[in-house]
Amino acid sequence: MSARAWILSVEDRERLIKGAFEAKEGSYSPYSKFPVGAALLASDGTIIKGANIENASYGGTICAERTAIVKAVSEGTRSFIGLAVVTNVAAAISPCGICRQVIREFCALDMPVLLIPGDYPKKVEGEQKPGFGEGGVRETTLGELLPDSFGPEHLELPRK
Ligand SMILES: [Zn+2]
């Protein structure tokens, strides 16, 4: 899966990054002390924010990405054109496996996913590494994060 993402406008990219940082402020992460913020850009231009919400019964914890998706979908928004995720770590951190699958339910495989270092905008010496963009942001897609995935269309296939 190497299909390049469709291109986000500079403005949309900035809104997503800002939204992810704002979302992180809502994190409830007293156990991991690993706050995460996620921002989804819907096709209608709205930004939906989500943070990780932990629970004393650890299995009840929900990640930032799924918080954002569940908020949006439960309010009737089901079409998205971008996702950004940020943590407090000075590196691009990827969504966990469960989140990748949940994102897969509602987002195209070539949807851009921005993984933002917590120290964004990072000062980058020399050339950016492949797959990284301005400010040290890793620019990937859902399809790159979740190759050979199973999705809703597979349930529509004929069965014997
Ligand atoms: Zn997750």
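In strand E2, Ile47 is the bridge partner of Leu41. The model is a predicted one: local features require pLDDT of at least 70, side-chain atom pairs count only at pLDDT 80 or more, and totals for chains, interfaces and linings use all residues. Residues are numbered from 1 along each chain as its sequence is written, and side-chain values use heavy atoms, with hydrogens and water left out. Helices (H or I, at least four residues) and strands (E, at least two) are DSSP runs, numbered from the N terminus. Two strands are paired if DSSP finds at least two bridges between them.

E1 and E2 run antiparallel and are joined by five bridges. They form a hairpin with four residues between them. In its turn, Gly45 has a positive phi of about 95°. On to E3: seven bridges join E1 (residues 36-42) to E3 (residues 80-87), and this pair runs antiparallel. Here Ala38 has Val85 of E3 as its bridge partner. In general, strands of a sheet pair through backbone hydrogen bonds, either parallel or antiparallel.

The whole sheet is open and has six strands, in the order E2-E1-E3-E4-E6-E5, with mixed pairing. Its edge strands are E2 (47-51) and E5 (132-133), each of which pairs on one side only. Helix H1 (residues 10-24) packs on the sheet. H1 touches E1, E2, E3, E4 (112-116), E5 and E6 (137-141). The direction of H1 makes about 140° with that of E1. Helix H2 (residues 64-74) also packs on the sheet, touching E1, E2 and E3. Its direction makes about 135° with that of E2. Contact means heavy atoms within 4.5 Å. Axes are lines fitted to C-alpha atoms, for helices over the stretch in contact, and angles run from 0 to 180 degrees between N-to-C directions.

H2 is largely enclosed by the rest of the structure, because eight of its 11 residues are buried. Buried means under 20% relative accessible area, exposed over 50%, and partly exposed in between (1.4 Å probe, protein chains only). The buried residues of H2 are Ala64, Glu65, Arg66, Thr67, Ala68, Ile69, Ala72 and Val73. They pack against E1, E2, E3 and H3. Just after H2, Gly76 takes a positive phi of about 95°.

The zinc ion is coordinated by the SG atoms of Cys63, Cys96 and Cys99, at 2.2 to 2.4 Å. Donors are N, O and S atoms within 2.8 Å of the metal (3.2 Å for Na, K and Ca); water is not among the atoms, so sites may look incomplete. Along the chain, the donors follow the spacing C-x32-C-x2-C. Cys63 and Cys99 link distant parts of the chain, 36 residues apart. Cys63 lies in the loop between E2 and H2, and Cys99 in helix H3 (residues 97-106). Leaving aside neighbours within four places in sequence, Cys63 is in contact with Ala51, Asn52, Cys96 and Cys99. With residues up to four places away likewise not counted, Cys99 touches Cys63, Glu65 and Arg66. Cys99 is buried, with a relative accessible area of 1%.

UniProt, in an unreviewed entry, places the feature "binding site" at Cys63, Cys96 and Cys99. These residues span 37 residues in sequence, yet no two of their C-alpha atoms are more than 8.4 Å apart, so they gather at one spot. The annotation "domain: CMP/dCMP-type deaminase", from UniProt (unreviewed entry), covers residues 11-153. That span is 27% helix and 22% strand, and its end C-alpha atoms lie 32 Å apart. UniProt positions are given in the numbering used here, feature names are shortened, and annotations may be inferred rather than shown by experiment.

The largest nonpolar core has 21 residues. A nonpolar core is a set of buried Ala, Val, Leu, Ile, Met, Phe, Trp, Tyr and Cys residues joined through side-chain atoms within 4.5 Å. Leu40, Phe80, Leu83, Ile103, Cys107 and Met111 touch the most other members. E1, H2, E3, E4 and helix H4 (142-145) each give two or more residues to this core. Its largest share, five residues, comes from H2. Not counting residues up to four places away in sequence, Cys107 touches Ile69, Phe80 and Leu142. Apart from this core lies another, of 11 residues, among them Leu16, Leu41, Leu114 and Val137.
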